[in-house]
Amino acid sequence: MNILITGGAGFIGQHLAHALLAQGEKVRILDNFSPQIHFNDELPESLNGRVELIKADVRDREAMKHALVGVDTLVHLAAETGTGQSMYEIERYFSVNVQGTATLIDLLQNDTCGKSLRSIVVASSRAIYGEGAYQCEAHGLVYPHQRQREQMARGQFEPICPQCNARAYLLPTSEIAPFKPMSMYGLTKQVQEQAILLFARTRGINGFGLRYQNVYGPGQSLKNPYTGILAVFSNLARQNQSIEIYEDGLESRDFVYIDDVVEATVRSINYNGVFVGELNVGSGVGTSVMNVAQEIKTFFSSESIIQVTGEFRMGDIRHNIADITKLKDVLDYIPCVLFKQGLSNFLGWAEKQPDEDKSAYLRSVNELAARGLMGKAYTQ
Ligand SMILES: NC(=O)c1ccc[n+]([C@@H]2O[C@H](COP(=O)([O-])OP(=O)(O)OC[C@H]3O[C@@H](n4cnc5c(N)ncnc54)[C@H](O)[C@@H]3O)[C@@H](O)[C@H]2O)c1
């Protein structure tokens with residue numbers, strides 16, 4: 001196969017490129033080495049010279065045209081990825097994630113460079129669900145609205161039933177859940193996914209919208225303060241700096257290890273049948289943010305103080321667990337790396353990386369606060 005990975009110099013892209021090279025594929029990467037994520041604009045030794053590299057922006061039509069020539073499989077990963085940052089850098093997020101995707105599809109539809117394409121995979125996100133699926137005692141399966149500032153200011157962080165406002169209880173979210181993004185990032189990922197799948201259906205080629213949950217593992221950017229709580233917490237723990245946890249610390253995420261994500265993505269690329277649709281790619285297990293902070297502190301024998309601040313960010317969701325039944329049905333795969341093992345792999349790698357100073361992280365928090373996108377529960 002001739003495979004193009006946009007955003008292939010990033011965390012998931014590099015791991016995927018290694019796996020595809022091991023399978024004997026020809027890999028081309030297009031990436032602009034966004035300075036928010038990368039320390040330099042070089043691929044690691046292990047990829048250098050083994051993949052074809054095009055340093056360019058996904059919105060650069062001429063560069064994309066060149067990158068698409070002869071490609072039969074496209075994996076579209078390039079994106080701006082910070083949930084909080086997306087709430088104020090709105091134009092940038094729509095430009096890269098939506099306009100970038102539109103440029104790609106426009107070329108595939110109208111230019112000869114797209115003629116060889118047989119399959120397309122887009123990195124979607126669980127962010128498109130917003131709060132996701134919950135159970136209300138009176139109304140059964142419900143999909144709560146965005147949590148209101150006033151509600152959270154009272155220290156009531158759990159989502160409520162959109163019909164009766166009673167407390168609702170978390171369920172795994174499946175792909176039939178409605179689109180209900182609660183951040184600009186989520187909205188742009190929704191458009192990316194829908195646009196790519198619409199194109200795949202129209203063209204009659206395979207299309208996979210892989211709804212990644214919280215992906216973690218060695219190689220994730222420790223530099224980018226806008227995304228990845230594991231990276232943020234491990235930077236702080238290594239320097240014995242206090243780890244501040246939003247809300248009451250009981251918010252949770254479905255952390256899925258990079259090897260599982262790569263396996264699901266490779267299986268989508270190798271898929272032999274006919275498929276256009278969405279798949280959750282997660283572990284199916286929820287882990288609280290407090291638990292993550294404690295595990296990281298223990299690993300580094302850190303003197304960091306874990307502080308539950310009662311602060312909250314507009315755009316954040318409360319909990320997340322993916323229903324991975326469809327992933328198993330379509331790709332015959334169940335992610336298998338346990339969080340404890342995956343976290344230890346990640347932290348073992350992170351401790352060998354240079355220290356990241358705290359200023360970028362503080363800047364990211366201040367940017368939100370300055371724009372009125374943070375609040376604080378007055379019960380805390
Ligand atoms: N990591 C996660 O937890 C997670 C979860 C859900 C979805 N996703 C999605 O998976 C994809 C990859 O995520 P990742 O974790 O590898 O992120 P990453 O930030 O490590 O990689 C993204 C890559 O895209 C490149 N990029 C950014 N803007 C670009 C542009 N305008 N032109 C060309 N390249 C550009 C960056 O330089 C970077 O190398 C993204 O689409 C992201 O939205 C990731």
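Tutor: Two strands pair if DSSP finds at least two bridges between them. The model before us is a predicted one.

Student: What makes β6 and β7 a pair?

Tutor: Pairing requires at least two bridges. Three bridges join β6 (residues 134–136) to β7, and these strands run antiparallel.

Student: Why is Q156 called partly exposed?

Tutor: A residue is buried with 20 or more other C-beta atoms within 10 Å of its own, and exposed with 12 or fewer. Q156 has 15 C-beta neighbours inside 10 Å, and therefore counts as partly exposed. Q156 is found in the loop between α5 (149–153) and β8 (169–170).

Student: How do you know which residues are in contact with V261, leaving aside its neighbours within four places in sequence?

Tutor: Contact requires C-beta atoms within 7 Å. With those neighbours set aside, I12, Y212, V215, V256 and V281 are in contact with V261. In the largest nonpolar core, of 98 residues, V261 is one of those that touch the most other members, together with I5 and F233.

Student: Which residues come nearest to the ligand?

Tutor: Of the 28 residues around the ligand, these are G7, G10, F11, A79 and A123. Among the elements, α1 gives the most to this shell, with three residues.

Methods:
Residues are numbered from 1 along each chain as its sequence is written. This is a predicted model: local features need pLDDT of at least 70, side-chain atom pairs count only at pLDDT 80 or more; totals for chains, interfaces and linings use all residues. Helices (H or I, at least four residues) and strands (E, at least two) are DSSP runs, numbered from the N terminus. A residue is near a molecule or strand if its C-beta atom, placed from the backbone, lies within 6 Å of it. A nonpolar core is a set of buried Ala, Val, Leu, Ile, Met, Phe, Trp, Tyr and Cys residues joined through C-beta atoms within 7 Å. Two residues are in contact if their C-beta atoms, placed from the backbone, lie within 7 Å.
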